[in-house]
Amino acid sequence: MTQTSENVTWLTQEAYNQLKAELDYLSGPARTEISVKIAAAREEGDLRENGGYHAAKEEQGKMELRVRQLTQLLEHAKVGEAPADDGVVEPGMVVTIAFDGDPDDTVTFLLASREYASTEIETYSPQSPLGRGVNGKRTGDDAEYELPNGKKAAVKILSAKPYTG
C-alpha cells in the first residue's frame, strides 16, 4: 500500500524517539497509575456523586485518546529521511511563498506536523488549508488555498528546501 505525503508524518529520529517514549509511558506505567486511581476512587462509595472517580475516568479517556493518536502517528511516520532537495513542496520542507505574486509580501515556514513544530521557524501542517494548497507544488508554481472566510488566496512558491534544523 502506498501512502500519499498528506498522511505521512516526517519526523527526525529525535522527535520519533520522544513520541515513542511518551507512547511507552502512557501505555505502560500511566495506565497502571490511572487504574489505581480509579480503583481507589471506586472504593469511596456512591459513583454518582464521586468527583474523584469521574475525574480519573475523564483523565483515562484523554490518555487513551493520546495513545491512539500517537500509535497512528508513529505507524505513518517517515523517520530520519529528509525529503529530496528537488524544489517540490512536501512535509519536511522549508517553503517560501509570495502572496498574490507580490515578492515583497512573503512568508517562510516549515511544512510539518505539530509534533515536529520548530521553535525557530513557523510551522504549518500539511493538512492546513495553506499546507494542502502548496503540497506537491514546485518552486515557481502558483497555488491557491481557501481562507477561513471562504475566499481564495493565491500564492507563488518561491523556494522549497529540506529542513535542516
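Helices (H or I, at least four residues) and strands (E, at least two) are DSSP runs, numbered from the N terminus. The model is predicted: local features need pLDDT of at least 70, side-chain atom pairs count only at pLDDT 80 or more, and totals for chains, interfaces and linings use all residues. Residues are numbered from 1 along each chain as its sequence is written, and side-chain values use heavy atoms, with hydrogens and water left out.

**Exercise 1. Describe the order of helices and strands, and state what share of the chain is buried.**

Step 1. Count the elements: the chain has 4 helices and 7 strands.
Step 2. Along the sequence they follow the pattern β-α-α-α-β-β-β-β-α-β-β.
Step 3. Buried means under 20% relative accessible area, exposed over 50%, and partly exposed in between (1.4 Å probe, protein chains only). By this rule, 36% of the 165 residues of the chain count as buried.
Step 4. Contact means heavy atoms within 4.5 Å. Of the contacts in the chain with a separation of 6 or more, 54% join residues 24 or more positions apart.

**Exercise 2. Work out how helix 2 is oriented relative to helix 3, and which residues make the contact.**

Step 1. Axes are lines fitted to C-alpha atoms, for helices over the stretch in contact, and angles run from 0 to 180 degrees between N-to-C directions. The axes of helix 2 (residues 29-42) and helix 3 (residues 51-75) come within 8 Å and cross at roughly 160°.
Step 2. Angles under 35 degrees count as roughly parallel, over 145 as roughly antiparallel, 65 to 115 as roughly perpendicular and the rest as oblique. Helix 2 and helix 3 are therefore roughly antiparallel to each other.
Step 3. Helix 2 contributes Ala30, Arg31, Ile34, Lys37, Ile38, Ala41 and Arg42 to the contact, while helix 3 contributes Gly52, Tyr53, Ala56, Lys57, Glu59, Gln60, Met63, Glu64 and Val67.
Step 4. Ala, Val, Leu, Ile, Met, Phe, Trp, Tyr, Cys and Pro count as nonpolar, Asp, Glu, Lys and Arg as charged, and the others, Gly among them, as polar. The contact of helix 2 with helix 3 then has 8 nonpolar, 2 polar and 6 charged residues.

**Exercise 3. Repeat the analysis for helix 1 and helix 2.**

Step 1. Their axes come within 3 Å and cross at roughly 30°.
Step 2. That makes helix 1 roughly parallel to helix 2.
Step 3. The residues in contact are Asp24, Tyr25, Leu26 and Ser27 of helix 1 with Pro29, Ala30, Arg31 and Glu33 of helix 2.
Step 4. By class they divide into 4 nonpolar, 1 polar and 3 charged.
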